[in-house]
Amino acid sequence: MGNLQTTTLLLGIGLALLILYLVRRDHLHWPHGLFWMLVAMAAALFGIWPRLIDQLAVWVGVVYPPAFLFLCVGVILFIKALHADMVNTRIERQLRRLNQVVSILAAENAKGQALPGTDQP
């Protein structure tokens, strides 16, 4: 095994161990950890079989295999960023609705406390 293969393999294994540690310590939610674990396994796989990139590029019809690798990485990161934006949008929408409900409940509570002699809760 060459230096590049060994380095790539060790980086993949190290990344996998780091992801497992972060998921176990609850610093990373497990679905996100699963994505990054797949990235680590791909790095380890390409470290073990570097010719796999060449074969995939030929199969797809790309002449220069490193360009195929960068294209795949770019597409995957684009999809990951798009998914993160979708999740953030959903969380922001839920937070806005929760703030509205809390404001309504606080206003109703303030009305009830403003009239101490009434039967309102």
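The largest pocket of this predicted model holds about 700 Å³ of space, a pocket being an open set of points on a 1 Å grid over the protein atoms alone, where a 1.4 Å probe fits, with protein on both sides within 12 Å along at least five of seven lines, and a volume being the space filled by probe spheres set on the points, which are joined across faces, edges and corners. Its lining comprises 24 residues, counted as those with an atom within 4 Å of a point, and Ala42, Phe46, Ile53, Leu69 and Val73 lie nearest the centre. At least two lining residues come from each of the helices α1 (3-24), α2 (30-48), α3 (51-60) and α4 (65-114), helices being DSSP runs (H or I, at least four residues) numbered from the N terminus. By class, the lining contains 19 nonpolar, three polar and two charged residues.

On the surface, a nonpolar patch is formed by Leu71, Val75, Phe78, Ile79, Leu82 and Met86, which together have about 620 Å² of accessible area (Shrake-Rupley method, 1.4 Å probe); patch members have over 30% relative accessible area and no salt bridge, with nonpolar side chains joined within 5 Å.

Asp26, placed in the loop between α1 and α2, has a positive phi near 65° and is exposed, with 63% relative accessibility.

Residues are numbered from 1 along each chain as its sequence is written. Local features require pLDDT of at least 70 and side-chain atom pairs 80 or more, whereas totals for chains, interfaces and linings use all residues, and side-chain values use heavy atoms, without hydrogens and water.

How values were computed. Nonpolar A, V, L, I, M, F, W, Y, C, P; charged D, E, K, R; others polar. Patch = residues over 30% accessible without salt bridge, like charges linked within 9 Å, V, L, I, M, F, W, Y side chains within 5 Å. Salt bridge = Lys/Arg side-chain N within 4 Å of Asp/Glu carboxyl O. Buried < 20%, exposed > 50% of the residue type's maximum accessible area, 1.4 Å probe, protein only.
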